[in-house]
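Student: I would like to learn how to read aromatic ring pairs. Could you guide me through them?

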Amino acid sequence: MDSFNELFQMVKEYTRQFVVDSKELSEIAYQVWIKSLEPVSFDGNTAVLYIKAEFMKKIVEEKYLGLLTKAFEQVVGFPVKVEILCDTPDKSEKKEFSPASVQTSAPSPVLPAYSQEEIDMNSQGGEYEYTFATFIVGSSNKFAQAACRAVAQNPANAYNPLFIYGGSGLGKTHLLYAISSEIKESRPNTNVIYVKGEEFTNELIAAIGAESTKEFHDKYRQADVLLVDDIQFIGGKESTQEEFFHTFNSLYQAGKQIVLTSDRPPKEIKTLEERLRTRFEWGLIADIQPPDFETRIAIIKRKAELLNLEIPSSVEEYIANHVKNNIRQLEGVVKKLNAYNKLAQTPPSILLAQSAIREILTDNQPIPVTVERIISEVGRTFGVSAEDIRSSKRSSQISNARQIAMYVIREITQMSMAAIGSEFGGRDHSTVVYATGQVVKNMKQDTKYKETVEDIIKNIRDS
């Protein structure tokens with residue numbers, strides 16, 4: 001929280017909820033009285049607000065001071081005295097408490113400054129085993145969870161293959177681990193293999209380099225249950241798709257169970273070969289949607305219980321209303337609240353939740369890491385090395401991959417053309433301009449080319 005101005009915006013947001021189905025505050029009253037208030041100062045104990053006229057001050061104090069006091073306590077987590085100032089007949093006195101004196105740059109005293117390392121160290125804990133028992137079921141994931149349980153109880157006889165799709169952080173990996181856990185417990189001798197699509201590609205590349213493809217074949221084609229997470233990552237990679245096609249056929253014909261997850265259904269993985277797309281659709285396809293409000297509240301409560309952290313219901317609701325599409329982020333916010341609780345003995349509040357949410361939602365990988373990942377992903381897609389992409393080699397395949405890497409870096413990181421050029425051996429910014437222009441041109445002319453570029457971008461953003 002950078003200023004009292006931001007804090008007071010949250011206070012007004014809290015009072016705003018009372019407009020709906022409440023006699024405590026009408027829409028007109030909110031617009032006329034609450035919205036007219038402006039923040040002046042906050043010393044950690046007293047919040048000073050400003051309103052233009054004395055008659056307005058009297059109405060706010062008589063009718064809405066209690067609501068404001070309640071709102072401040074909910075947001076910051078402790079009682080706060082609220083004072084209202086207004087213009088006096090002597091206009092010269094206005095400067096003493098004018099909005100111009102708002103503390104817009106001083107850090108809020110509510111949130112002590114801690115290094116990211118301190119926060120991360122105190123955010124640990126509260127982990128749970130990825131089993132069906134710990135998977136919170138709601139309307140958004142009930143069908144997928146039931147399908148996975150059926151597969152775990154009767155491998156290769158319920159649904160084969162089973163294809164689960166949904167956005168990042170919604171529990172697909174949890175369900176794969178839950179299948180593995182239950183099968184291993186009920187059938188200890190079953191050979192269950194879990195692998196991510198990207199790891200499958202990397203293992204194949206390593207096997208080809210080491211001339212050990214037979215061992216690679218044996219590992220996957222002797223599985224009783226094959227669980228592949230993020231299968232979309234093999235899209236556009238010819239050698240990997242060829243290998244997975246034969247692995248899939250071998251297992252399916254032998255009556256072995258295959259479960260795949262992706263961020264989208266098979267028909268939307270545009271860079272996936274048709275023969276694989278068709279096979280992925282042979283069995284059951286189930287989706288996982290973002291959790292509904294009740295499920296989000298249940299997830300927050302479960303995580304808080306694991307951390308022995310007490311979170312007020314108003315704070316739980318605030319988190320659930322502001323983090324809607326990612327379970328990992330929900331749990332991450334609770335862990336951040338626990339870190340502040342440990343470091344400063346500060347109980348969870350809406351203010352702390354707001355800060356934690358902001359940190360979680362902007363916790364992206366550093367640009368240098370992202371650049372490396374983009375170049376590696378492009379290289380895997382086109383069968384060239386990251387070193388070749390960065391080099392001065394000019395073969396058609398390498399040049400094409402280099403241009404796409406430049407375009408994707410620009411699209412995802414918004415780095416300047418000059419900065420991108422420096423990532424590729426100090427190339428001039430005009431070279432990057434030309435490269436990105438060529439990609440745009442090719443995307444307009446070639447649908448398959450466009451789908452490949454878009455898949456690369458999606459894979460990077462969702463991973």
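Student: How many residues apart are Phe248 and Tyr252 in helix H10?

Tutor: Please keep in mind that this is a predicted model. Phe248 and Tyr252 are four residues apart in helix H10, which spans residues 238–253, so about one helical turn separates them.

Student: What describes a pair of aromatic rings?

Tutor: The distance of the centres and the angle of the planes describe such a pair. The count here comes to 13 aromatic pairs. Take Phe248 and Tyr252: their ring centres are 6.0 Å apart and their planes meet at 10 degrees, so this pair is stacked. The cut-off for stacked is under 30 degrees.

Student: Is Phe248 buried or exposed? And what does Tyr252 count as?

Tutor: Phe248 is buried, with a relative accessible area of 1%. Tyr252 counts as partly exposed, at 33% relative accessibility.

Student: Which aromatic pair do Tyr252 and Trp282 form?

Tutor: Theirs is a tilted pair, with 5.0 Å from centre to centre and 50 degrees between the planes. This pair links distant parts of the chain, 30 residues apart: Tyr252 belongs to helix H10, while Trp282 lies in the loop between helix H11 (274–280) and strand S8 (284–288). Trp282 counts as partly exposed, with 40% relative accessibility.

Student: Which residues do ring pairs link into a cluster?

Tutor: The cluster consists of Phe163, Phe200, Phe216, Tyr220, Phe244, Phe248, Tyr252, Phe280 and Trp282.

Student: Where does the charged end of Arg275 sit?

Tutor: Look at Phe245: the charged end of Arg275 sits over its ring, 4.0 Å from the ring centre.

Terms used:
Residues numbered from 1 in each chain as written. Predicted model: local features only at pLDDT ≥ 70, side-chain atom pairs only at ≥ 80, totals over all residues. Heavy atoms only, no water. Phe/Tyr/Trp six-rings, centres within 6.5 Å; stacked < 30°, edge-to-face > 60°. Helix = DSSP H or I, 4+ residues; strand = E, 2+ residues; numbered from the N terminus. Buried < 20%, exposed > 50% of the residue type's maximum accessible area, 1.4 Å probe, protein only. Lys NZ or Arg CZ within 6 Å of the ring centre and 35° of its normal.
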